[in-house]
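Here's a quick tour of a model, written for someone who likes to know the cut-offs. Have a look at the structure first, and then we'll start with the pocket.

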Amino acid sequence: QRFLRVTLQLVVETAEEAKELEETKVAVMHARSIILEHLTTQTSDTLVTADGKAHLREAIMEMVAEEVEELEVLDVLFSDFVVQF
C-alpha cells in the first residue's frame, strides 16, 4: 500500500468568486469529494512523475468544472505532494 498527502489550491478568476466559494460550503465539499474520488483511482508510479502531476492537475480542473457548476477553476496549485512508498 502507498500513502499520498496532497495540499492544493483551486485558482478562480476573481476575488469575488473565491469569497463566494468559501461561503458556499456545499460547492467546496462537492469539489473536495470529486478530487478525493479521483485520487483514489491513481497509482503511485504515475503520480511521482512530472507528467503524472500535470495530468492530475488537468483532470482536477476538468472534473470540477463539469461537476460544480458554480465553479470555474483556472489552475490547480500543489503546495504539498508526498507519495510514500
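Sorted by class, the lining of the largest pocket has 12 nonpolar, 2 polar and 2 charged residues. Here Ala, Val, Leu, Ile, Met, Phe, Trp, Tyr, Cys and Pro count as nonpolar, Asp, Glu, Lys and Arg as charged, and the others, Gly among them, as polar. This is a predicted model, so to speak of local features pLDDT has to be at least 70, and side-chain atom pairs count only at pLDDT 80 or more, while totals for chains, interfaces and linings use all residues. Residues are numbered from 1 along each chain as its sequence is written, and side-chain values use heavy atoms, with hydrogens and water left out.

Back to that pocket: it holds about 520 Å³ of space. A pocket is an open set of points on a 1 Å grid over the protein atoms alone, where a 1.4 Å probe fits, with protein on both sides within 12 Å along at least five of seven lines; lining residues have an atom within 4 Å of a point. The volume is the space filled by probe spheres set on the points, which are joined across faces, edges and corners. Of the 16 lining residues, L8, Q9, L10, V28 and R32 are closest to the centre. Helix α2 supplies the largest share of the lining, 6 residues. Helices are DSSP runs of H or I with at least four residues, strands are E runs of at least two, and both are numbered from the N terminus.

The largest nonpolar core has 18 residues. Such a core is a set of buried Ala, Val, Leu, Ile, Met, Phe, Trp, Tyr and Cys residues joined through side-chain atoms within 4.5 Å. Once again α2 stands out, giving the most to this core with 5 residues.

| Residue | Touches |
|---|---|
| A27 | L21, V68 and E70 |
| S44 | R2, V83 and F85 |
| V73 | L10, V11, M61 and V64 |

A27 lies in helix α2 and counts as buried at 4% relative accessibility. Buried means under 20% relative accessible area, exposed over 50%, and partly exposed in between, with a 1.4 Å probe and protein chains only. S44, in helix α3, is buried too, at 13%.

How confident is the predictor? The chain's mean pLDDT (confidence in each residue, from 0 to 100) is 92, and 100% of its residues reach 70 or more.

Notes:
Contact = heavy atoms within 4.5 Å. pLDDT = per-residue confidence, 0-100. Lists of a residue's contacts leave out its neighbours within four places in sequence.
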